[in-house]
Amino acid sequence: MKICVADDEKEVRHSIVMKLTESHPYANVFDVGYGYEALEQIKLIRPELVFMDIRMPELDGLEMLANVMNALPKTKVIMLTGYNHFEYAKKAVHFGASDYLLKPADVDEIKQLVHLTYDRLTQQLGIELNGALGTTMIEGLFYRNITYWFDDRVRKSIIFEDEVVHAETHGKAICGFECQGQRVLIVAVEPSYSGGSFRDSGELTRLWPVEWKTWQTKRFFDKDFLYRGRFRLNADSAGGLRLGVVRAVKTADREKLNEDLSLWIQELQSLQANVVREECAKLVSLLDSDLTEGQTFNILEYGPKETWLREVERYATWQELRTWLQEWVMKRFEQLHPVTVPRGSADWFEKALSLLELRADMDITLESLAEEVGVHPVTLSRMFKQQTGLSFVRYLTRKRMEKAKRILISSDQPIAKLAESLGYQDHRYFTSLFKNEWGMTPGDYRKQHGSSIGEK
């Protein structure tokens, strides 16, 4: 808190400055002299409180009061007066002074007026802060360096305390509060500060929704998520991919579903958390209602979206929501397209597994295998997922990688030739698949378990 003392008597000024410093050691107290020089100093300092003599040469108390109130309307002015000027002091209060003191000023009266002024300022700060934050509910509001709040020359920023906050930052805190369990600081920052900042409550009104949603999104995606700039609010691209997921479910195309669902999820990671939740609720709502009714999918709002939005909001992080969503979509796919097992299915499926075991090195496809065992490719695909928990492609890849291990430890066949024999013309792609399956490259596996010859 900044306090200025203006009086034409030097001894009076020094006495008041000393009393203020002793009773309020954390306040910044300024002896500004008197007259026009005092007025200029007050305008430069922009104090929250001024103790001002009512009768001074050059510029008397009423003139200085009028100038101060015009330039700094939020500054509180306490008039100092002798007994003979009592009525004059009351008139000054009428013109905007907050109060008056009779000389010689009593230390207890000074303390009381400073505390009263501080309480008024904190109340005013609270009103302005709540007004700027709009409908955001805050609690536990506390104050520190309130002087920065009322100085529009000072840049201020919003800091969330789950981020790295240094002691120096705490030292520049103006106030703080809790919002949905998160501690938030409003701090004074240097002119070179590169983040979002504001100078008055009007600018805070515009900045707060952006900073709050950005922080929610960063927390939602967790610390492992690579944060690049601002998250987008426009979900048009995600909306198009969402409809692709719906069409894949409708047409029972599991492979297309896996592809479109992966692309859609990837797109969501560039959006703000609230937009991500909206998108998830739309997808689940659509799959839960309109799909089963055979309706078209070119609408933007779907039936029970609000109900599903409440369900989606139960998941605090993107990892939790993504896991639930993927499981829900695949389960819904199975509900809408249950596998109808034909008679003798055990026989033809066992035959399909045997053929894969014998011919995993050939360029075999789902369609060619289905033709050999006499079933539709969709039926065979569903049976693979139901019986093995893996897609046909994933099952085939695993069998090939198992065969690759056996060959690596039992022969010196070059890895490029080995990859080609298993149906992979690009040996680098083969190496990538092998490493994903077993945690090491084919060359490293051969070094640990077999021959070291033929690694190229």
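Analyst: Two strands pair if DSSP finds at least two bridges between them. Keep that cut-off in mind for this predicted model. An open sheet of 5 strands runs in the order β2-β1-β3-β4-β5, with parallel pairing.

User: What makes β2 and β5 the edge strands?

Analyst: Each of them, β2 (28-33) and β5, pairs on one side only. From one strand to the next, the twist averages 20°.

User: How do you know that strand β1 and strand β3 pair?

Analyst: Count the bridges. β1 (residues 2-6) and β3 (residues 49-53) have 4 bridges in the parallel sense. The cut-off is at least two, so they pair. Within this pairing, Ile-3 stands opposite Leu-49 in β3.

User: Which strands does helix α1 lie across?

Analyst: Helix α1 (residues 10-23) lies across β1, β2, β3 and β4 (76-81). Its run is at about 175° to β2. Helix α3 (residues 61-71) also packs on the sheet, where it touches β1, β3 and β4. The direction of α3 makes about 160° with that of β3.

User: What is the strand order in the open sheet of 4 strands?

Analyst: The order is β6-β8-β9-β7, and the pairing is antiparallel. β6 (139-143) and β7 (155-160) are the edge strands, as each pairs on one side only. Ignoring direction, neighbouring strands here are turned by 15° against each other on average.

User: How do you know that β8 and β9 pair?

Analyst: Strand β8 (residues 173-179) and strand β9 (residues 182-189) have 6 bridges in the antiparallel sense. At least two are needed, so this is a pair. Phe-177 stands opposite Val-184 in β9. Helix α7 (residues 201-221) packs on the sheet and touches β7, β8 and β9, with its direction at about 25° to that of β7. Helix α5 (residues 107-133) lies across β6 and β8 and runs at about 130° to β6.

User: Which peptide bond is cis?

Analyst: The bond from Lys-103 to Pro-104 is cis, with omega near -5°. Pro-104 lies in the loop between β5 (99-102) and α5.

User: Why is the contact between Lys-172 and Glu-190 called a salt bridge?

Analyst: The closest N and O atoms are 2.6 Å apart. The cut-off is within 4 Å, so the pair qualifies. Lys-172 lies in the loop between α6 (167-171) and β8, and Glu-190 in the loop between β9 and α7, so the pair ties together parts 18 residues apart in sequence. By this rule the count is 17 salt bridges.

User: How do the axes of α10 and α12 cross?

Analyst: Helix α10 (residues 273-288) and helix α12 (residues 318-336) have axes that come within 11 Å and cross at roughly 15°. Angles under 35 degrees count as roughly parallel, so α10 is roughly parallel to α12. The crossing of α10 past α12 is left-handed.

User: Which residues meet there, and how do they divide by class?

Analyst: From α10, Val-276, Arg-277, Cys-280, Leu-283, Val-284, Leu-287 and Asp-288 take part. They meet Trp-318, Leu-321, Trp-324, Leu-325, Trp-328, Val-329 and Arg-332 in α12. The contact has 11 nonpolar, no polar and 3 charged residues.

User: What residues make up the contact of α16 with α19?

Analyst: Lys-405, Ile-407, Leu-408 and Ile-409 in α16 meet Pro-442, Tyr-445, Arg-446 and His-449 in α19. By class, there are 5 nonpolar, 1 polar and 2 charged residues.

Methods:
Residues are numbered from 1 along each chain as its sequence is written. This is a predicted model: local features need pLDDT of at least 70, side-chain atom pairs count only at pLDDT 80 or more; totals for chains, interfaces and linings use all residues. Side-chain values use heavy atoms; hydrogens and water are left out. Axes are lines fitted to C-alpha atoms, for helices over the stretch in contact, and angles run from 0 to 180 degrees between N-to-C directions. Angles under 35 degrees count as roughly parallel, over 145 as roughly antiparallel, 65 to 115 as roughly perpendicular and the rest as oblique. A crossing is left-handed if the near helix is turned anticlockwise from the far one by less than a right angle, and right-handed if clockwise. Contact means heavy atoms within 4.5 Å. Ala, Val, Leu, Ile, Met, Phe, Trp, Tyr, Cys and Pro count as nonpolar, Asp, Glu, Lys and Arg as charged, and the others, Gly among them, as polar. A salt bridge is a side-chain nitrogen of Lys or Arg within 4 Å of a carboxyl oxygen of Asp or Glu.
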